[in-house]
Amino acid sequence: MKYLLTSLLFLLATHLSHAGEIIVNPGESLHEALRKAREWRRTNDPQCQGGITITLKAGRYYMNEPLFIRPEDSGTEDSPLVIRGEYRSVICGDAPQQHTQLFPQEGMERMIDFNTSDRTITIPTPPKEVLEQCEATLSPLTSHLSTLEMVVHQRWAIAILRIKDMKVIGDKTIVSFMEPESRLEFEHPWPQPVIGGERGNSSFLLRKTEQRDGIEQLIIVDGANYVTFKDFKIEKTCWNRPLHKGHVTLQGGFPLIDAYKLKEKEGLPWDSGLENQAWVERPVSAVTVRNAHHVDFDGILFHHLAATALDYVDNVSDCTVMSCGFEHIGGTAVMAGSFAESPMEVHRPYTHLAERCKNIKIHSNNFLWCSEEDWGAVAIGFGYVRDCTISNNLVANTNYSGICIGWGWTPLDTGMKNNHIINNKVSDYARQLYDAGGIYTLSNQPGSSIRDNEISQPYPAPYATNYRGFCIYLDARTDGFTIENNKTDDRLIRRDEIGDNHPGPNLIFKQ
């Protein structure tokens with residue numbers, strides 16, 4: 001009897017230790033595993049007690065469609081859904097787009113003219129062998145295989161323009177572009193290339209891009225709560241937009257979908273000096289979270305992703321990203337909150353958006369080599385948010401700004417408040433673009449703080465058209481921050497290392 005009782009207890013313990021766990025092996029479907037967990041929830045299976053864990057055994061899980069986590073997949077505080085990996089488990093998509101730079105061979109070249117009337121850019125004529133490659137690429141017989149692009153440097157952003165035609169006139173070549181990017185590039189005034197003045201002419205490069213669409217999104221969480229992703233790798237997504245629409249941005253990697261200069265009676269009731277209107281859309285992300293709370297990432301390595309890596313889009317709260325790595329990210333590594341995407345016009349003083357993204361914590365992560373495809377993207381980009389904390393992160397080697405929070409360019413109340421940037425290390429930012437900051441802020445955010453951060457000097461960007469790069473950049477109408485005990489080179493940051501661009505009256509400096 002004693003032996004039987006011991007055996008029963010052992011079997012019971014073994015059963016309990018595996019309760020709520022679904023094992024997935026490489027080659028098996030993550031979608032089927034998630035469906036099984038969903039059915040346990042639906043039928044109130046006893047295995048839901050204490051939570052459901054989907055365990056990915058070591059290996060690669062190739063995705064041809066995103067893993068869609070729905071409201072019916074939600075866990076609870078006592079019974080979360082955990083998707084975790086064993087050592088060397090990887091959720092992956094396709095190899096990213098490949099580019100071949102044609103001209104110049106290295107770096108960028110200065111443009112000669114930027115003509116807003118004819119919508120053309122004049123460049124030095126490339127070598128004969130480059131022109132022959134361009135001609136072959138532009139041929140109707142090969143246009144379905146590859147595309148010819150011009151990448152244009154525009155101070156705090158880039159544009160990727162699909163080339164329509166090139167007319168060689170001696171040592172100058174006039175280049176025209178496809179729509180819609182041609183209209184957007186030449187109608188919108190900010191940012192545009194600078195020809196002469198400031199710090200030299202703006203720059204460009206010509207490249208050939210293999211014409212192949214690939215998977216852009218790997219995981220979508222929409223309406224599901226209490227979900228944790230833990231200890232696996234997410235890698236290799238594509239970014240298809242430039243292949244079909246080009247890529248003309250406003251700031252922070254946000255592509256314009258309509259924009260123009262106010263030519264008569266500049267200004268609007270909330271900003272008498274406003275000279276332009278712009279509507280943007282959100283960049284695509286490898287992992288997307290919306291309409292959710294308590295969706296956390298712990299120990300995830302985001303690697304070689306062509307656009308945004310992780311995006312908390314809208315109606316999200318109480319989420320944490322901790323002990324994760326973001327390496328070789330094409331766009332922004334972590335994005336959160338609204339940026340007044342279309343149908344809203346970006347310059348209006350919205351008051352309802354910050355409440356829809358709150359209490360997001362980005363803690364103890366590494367951000368290395370972000371914004372590799374879109375130089376105007378950033379490592380951490382928060383828009384209209386409140387009660388958020390970005391702390392103890394390492395940020396290095398970004399082409400524009402490092403940690404950014406705020407949107408709207410307004411001194412008015414927008415609901416943004418109580419946002420804190422604490423004890424981060426930021427270095428080697430502004431590698432390609434200027435008008436940047438290691439830490440960058442916009443608009444009025446009462447009760448917020450920037451403290452105990454260590455920030456290097458901006459990298460000496462080789463093609464920037466002005467010198468505006470700062471350790472801390474308090475850009476348009478920044479207000480409501482307490483700024484204290486931030487350092488560079490083992491000393492407190494001097495006031496001339498803080499960019500004040502029309503700051504508000506309620507900034508507090510304690511250094």
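**Conventions for the views.** Helices (H or I, at least four residues) and strands (E, at least two) are DSSP runs that are numbered from the N terminus. The model is predicted, and local features need pLDDT of at least 70, side-chain atom pairs count only at pLDDT 80 or more, and totals for chains, interfaces and linings use all residues. Residues are numbered from 1 along each chain as its sequence is written, and side-chain values use heavy atoms, with hydrogens and water left out.

**View 1. The whole protein, with its overall dimensions and surface.** The protein has five helices and 45 strands, and its C-alpha atoms fill a box of roughly 100 × 60 × 45 Å along the principal axes. The radius of gyration, taken over C-alpha atoms with a globule rule of 2.2 Å times the number of residues to the power 0.38, is 25 Å, which agrees with the value near 24 Å that a compact globule of 511 residues would have. Accessible areas come from the Shrake-Rupley method with a 1.4 Å probe, and for residues only the protein chains shown count as cover; the accessible surface of the protein comes to about 21,300 Å², of which 51% belongs to carbon and sulfur atoms. Buried residues (under 20% relative accessible area, whereas exposed means over 50% and partly exposed lies in between, with a 1.4 Å probe and protein chains only) make up 56% of the 511 residues. Where contact means heavy atoms within 4.5 Å, residues 24 or more positions apart account for 79% of the contacts with a separation of 6 or more.

**View 2. The largest nonpolar core and the surroundings of Phe 229.** A nonpolar core is a set of buried Ala, Val, Leu, Ile, Met, Phe, Trp, Tyr and Cys residues joined through side-chain atoms within 4.5 Å. The largest such core has 142 residues, and those with the most contacts inside it are Ile 69, Phe 229, Phe 297, Phe 302, Phe 326 and Phe 382. Strand β12 (residues 158–169) supplies the largest share of this core, six residues. Apart from residues up to four places away in sequence, Phe 229 touches Ile 69, Ile 83, Ile 219, Val 221, Val 295, Asp 296, Phe 297, Asp 298 and Ile 300. In soluble globular proteins, nonpolar side chains tend to be buried together.

**View 3. Val 395 in strand β33.** Val 395 has its place in strand β33 (residues 394–398) and counts as buried because its relative accessibility is 0%. The C-alpha atoms of Val 395 and Leu 368 are separated by 6.1 Å, although the two residues are 27 residues apart along the chain. Not counting residues up to four places away in sequence, Val 395 touches Phe 367, Ala 379, Gly 402, Ile 403, Lys 425, Val 426 and Ser 427.

**View 4. Gly 499 in strand β44.** Gly 499, which is found in strand β44 (residues 498–500), is buried, with a relative accessible area of 2%. Its C-alpha atom is separated by 7.9 Å from that of Arg 468, and these residues are 31 residues apart along the chain. With neighbours within four places in sequence left aside, Gly 499 is in contact with Phe 470, Ile 472, Tyr 473, Leu 474 and Asp 475.

**View 5. Ile 257 in strand β19.** Ile 257 is found in strand β19 (residues 256–261) and counts as partly exposed because its relative accessibility is 32%. The C-alpha atoms of Ile 257 and His 247, 10 residues apart along the chain, are separated by 9.5 Å. Residues up to four places away in sequence aside, Ile 257 touches Arg 183, Leu 184, Arg 241, Trp 279, Val 280, Glu 281 and Ser 342.

View 6. The peptide bond from Glu 179 to Pro 180 is cis, with omega near 15°, and Pro 180 lies in the loop between β13 (172–177) and α4 (181–187). A cis peptide bond also joins Trp 190 and Pro 191, with omega about -15°, and Pro 191 has its place in the loop between α4 and β14 (203–210).

View 7. Ser 443 is found in the loop between β37 (436–441) and β38 (444–451) and is buried, with a relative accessible area of 0%.
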